[in-house]
Amino acid sequence: MKAMFIVYNQAYNEEVIDLLVAHGQRGFTRWENVEGKGGFNGFPRFGNHAWPELNHALLVMTEDDKVAPLLADLEKKDKEAPDLGLRAFVWGIESSY
């Protein structure tokens, strides 16, 4: 099992959720109004007068074989509008109940 942490501009919210559904992913945890700045070339998202946009974040637990196709679709979405910002990170889950 893998954990995916997906951070994205709030404008992507419905599209990212639809992508999860299309990949058969039922469960997730979402945080709204997440502040931050991308480490590569991202713009600040602070929800203030200077930087009014915000991010959302998802934590998704999924089977190993679903990770690569989902990451590929997320990367494709990011490349369509790179200024919006979308990043995904994956790590292994050692155990759960």
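Strand 1 (residues 2-9) and strand 5 (residues 55-62) run antiparallel and are joined by 8 bridges. The model is a predicted one, in which local features require pLDDT of at least 70 and side-chain atom pairs count only at pLDDT 80 or more, while totals for chains, interfaces and linings use all residues. Residues are numbered from 1 along each chain as its sequence is written, and side-chain values rest on heavy atoms, with hydrogens and water left out. Strands here are DSSP runs of E with at least two residues, helices are runs of H or I with at least four, and both are numbered from the N terminus; two strands pair if DSSP finds at least two bridges between them.

In general, the strands of a sheet pair through backbone hydrogen bonds, either parallel or antiparallel.

Taken together, 4 strands make up an open sheet with antiparallel pairing, in the order 2-5-1-6. Strand 2 (29-34) and strand 6 each have a single partner strand, so they stand at the edges with one side left without a neighbour in the sheet. On average, neighbouring strands of this sheet are turned by 15° against each other, direction ignored; axes are lines fitted to C-alpha atoms, for helices over the stretch in contact, and angles run from 0 to 180 degrees between N-to-C directions. Helix 2 (residues 64-80) packs on the sheet, where it touches strand 1, strand 5 and strand 6, and its direction makes about 165° with that of strand 6. Contact means heavy atoms within 4.5 Å.

Leaving aside neighbours within four places in sequence, Val16 is in contact with Ile6, Tyr8, Leu58, Leu74 and Leu86.

Glu32 lies in strand 2 and, at 45% relative accessibility, counts as partly exposed. Not counting residues up to four places away in sequence, Glu32 touches Asn55 and His56. The side chains of Glu32 and Arg30 are joined by a polar contact of 3.5 Å (N or O atoms within 3.5 Å; within protein, one must be able to donate a hydrogen and the other to accept it, and residues adjacent in sequence count only if both atoms are side-chain atoms).

For the chain as a whole, 2 helices and 6 strands are found, running β-α-β-β-β-β-α-β from the N terminus on. Of its 97 residues, 29% count as buried. Along its principal axes the C-alpha trace spans about 45 × 30 × 25 Å.

Methods: Buried < 20%, exposed > 50% of the residue type's maximum accessible area, 1.4 Å probe, protein only.
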